[in-house]
Amino acid sequence: MYRGLRQGDPLSPLLFVLLIEVLNRLLSKASSLGLFSGLKVGVKNATITHLQFADDTLLFREANEGDLQNLKMILLSFQAFSGLAVNYTKSSPVILGKEEAWAKQVAERLRCTLVKLPITYLGVPLGANIKYVKAWEAVIDKVQNRLNSWKGSCFYRGLGNWY
C-alpha cells in the first residue's frame with residue numbers, strides 16, 4: 001500500500017484517467033474564470049481550450065504573455081496535486097500569427113522545441129492544405145501497408161483451412 005503503483009498495474013490506466021480528468025476540470029474552470037482564452041471556431045464561435053486523447057493534451061491559447069503565464073501556473077498546480085509532471089522535452093508549441101523571436105522566447109521559457117506547421121499528429125497531417133492529395137500521401141501509404149498485411153494474414157489463414 002505504501003509503495004504506490006507500478007507500471008503494468010491493472011489500476012494504472014483508471015487512476016491516470018481520473019487524474020487527467022482533474023486537469024480537464026482545472027483548464028475548464030480557468031477558462032470560465034477568464035484566466036485565458038481559447039480559440040473560437042466554427043460558425044457559432046465555439047471556444048476550444050483543450051483536447052485530450054489518451055495521454056496527449058492539446059492546449060489552444062491566445063498567443064499573449066498573460067495566457068502563457070496562467071497556463072504555466074495551472075500546469076504547475078496540476079503537477080503539485082497529482083505528482084504527474086509535464087514532459088516539456090516532448091512538448092512542442094505551435095505559435096501562429098506572432099513574430100518568430102517571440103515564439104522562440106516562449107519555447108525557451110517552456111523549455112521545449114518550437115515547431116512550425118505543417119506537422120503530423122497521430123499520423124494525420126495538421127496545417128497542410130487537405131484539398132491536395134500530397135497532404136494525405138503518408139496516411140494513404142500507412143493504410144495501404146496495413147491492408148496489405150491484413151490481406152496476407154487472411155490469405156494464409158484461409159490456406160490453413162485447405163490442408
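User: Before we start, a crossing is left-handed if the near helix is turned anticlockwise from the far one by less than a right angle, and right-handed if clockwise. Which hand does the crossing of H1 and H2 have?

Analyst: Quick background: this is a predicted model, where local features need pLDDT of at least 70, side-chain atom pairs count only at pLDDT 80 or more, and totals for chains, interfaces and linings use all residues. Residues are numbered from 1 along each chain as its sequence is written, and side-chain values use heavy atoms, with hydrogens and water left out. As for H1 and H2, their crossing is right-handed.

User: How are helix H1 and helix H2 oriented to each other?

Analyst: Helix H1 covers residues 12-32 and helix H2 residues 65-82, and their axes come within 10 Å and cross at roughly 150 degrees. Axes here are lines fitted to C-alpha atoms over the stretch in contact, with angles from 0 to 180 degrees between N-to-C directions. Angles over 145 degrees count as roughly antiparallel, so H1 and H2 are roughly antiparallel.

User: How many charged residues are in the contact of H1 with H2?

Analyst: Contact means heavy atoms within 4.5 Å. H1 brings residues including Leu-19, Leu-23 and Ala-30, while H2 brings Phe-78 and Ser-82 among them. Asp, Glu, Lys and Arg count as charged; Ala, Val, Leu, Ile, Met, Phe, Trp, Tyr, Cys and Pro as nonpolar; the others, Gly among them, as polar. The tally is 12 nonpolar, one polar and, for charged residues, none.

User: What share of the protein chain is buried?

Analyst: Buried means under 20% relative accessible area, using a 1.4 Å probe and protein chains only. Of the 163 residues in the protein chain, the buried share is 17%.

Terms used: Buried means under 20% relative accessible area, exposed over 50%, partly exposed in between (1.4 Å probe, protein chains only). Helices (H or I, at least four residues) and strands (E, at least two) are DSSP runs, numbered from the N terminus. Angles under 35 degrees count as roughly parallel, over 145 as roughly antiparallel, 65 to 115 as roughly perpendicular and the rest as oblique.
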